[in-house]
Amino acid sequence: MKYRYYITDLIEGVVVGTNSRAIADHFAASDDYFVVDAQNGLWLQSDEEFEINEAENWE
């Protein structure tokens with residue numbers, strides 16, 4: 001199944017998915033998780049969102 005939000009647990013080394021913005025925001029509030037909005041190409045953090053750039057443009 002495809003999910004809108006992917007949550008990476010940096011401590012346990014696992015990735016889980018959800019379609020719930022509330023759940024994604026809950027995990028984004030912690031530095032122990034890395035949360036991505038795959039639909040909009042955003043990295044979610046506590047109160048901020050950052051655009052995810054294309055890898056070919058990254059040096």
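Me: Leaving aside neighbours within four places in sequence, which residues is Val14 in contact with?
Reply: This is a predicted model, and within it Val14 lies in strand 2. Once the neighbours within four places in sequence are set aside, the residues in contact with Val14 are Ile7, Thr8 and Asp9.

Me: Is Val14 buried, partly exposed or exposed?
Reply: The term buried is kept for values under 20% relative accessible area and exposed for values over 50%, with partly exposed in between. Because the relative accessible area of Val14 is 40%, this residue counts as partly exposed.

Me: How far apart in space are Val14 and Tyr33, C-alpha to C-alpha?
Reply: In sequence, 19 residues separate Val14 and Tyr33. In space, taken from C-alpha to C-alpha, the distance between Val14 and Tyr33 is 9.9 Å.

Me: Is Thr18 buried or exposed?
Reply: Thr18 is found in strand 2, and, not counting residues up to four places away in sequence, it touches Tyr3, Arg4, Tyr5, Ile7, Ile23 and Ala24. A polar atom of the Thr18 side chain also lies 3.1 Å from the backbone nitrogen of Ser20. With a relative accessible area of 11%, Thr18 is therefore classed as buried.

Me: What accessible area do the residues of the nonpolar patch on the surface have together?
Reply: One of the patch residues is Leu10, which is found in the loop between strand 1 (5-9) and strand 2 (14-18). Leu10 forms the patch with Phe34, Trp43, Phe50 and Ile52, and their accessible area together is about 420 Å².

How values were computed
Residues are numbered from 1 along each chain as its sequence is written. This is a predicted model: local features need pLDDT of at least 70, side-chain atom pairs count only at pLDDT 80 or more; totals for chains, interfaces and linings use all residues. Side-chain values use heavy atoms; hydrogens and water are left out. Patches are made of residues with over 30% relative accessible area and no salt bridge: like charges are joined within 9 Å, nonpolar side chains (Val, Leu, Ile, Met, Phe, Trp, Tyr) within 5 Å. Accessible areas come from the Shrake-Rupley method with a 1.4 Å probe; for residues, only the protein chains shown count as cover. A salt bridge is a side-chain nitrogen of Lys or Arg within 4 Å of a carboxyl oxygen of Asp or Glu. Helices (H or I, at least four residues) and strands (E, at least two) are DSSP runs, numbered from the N terminus. Buried means under 20% relative accessible area, exposed over 50%, partly exposed in between (1.4 Å probe, protein chains only). A polar contact is a pair of N or O atoms within 3.5 Å; within protein, one must be able to donate a hydrogen and the other to accept it, and residues adjacent in sequence count only if both atoms are side-chain atoms. Contact means heavy atoms within 4.5 Å.
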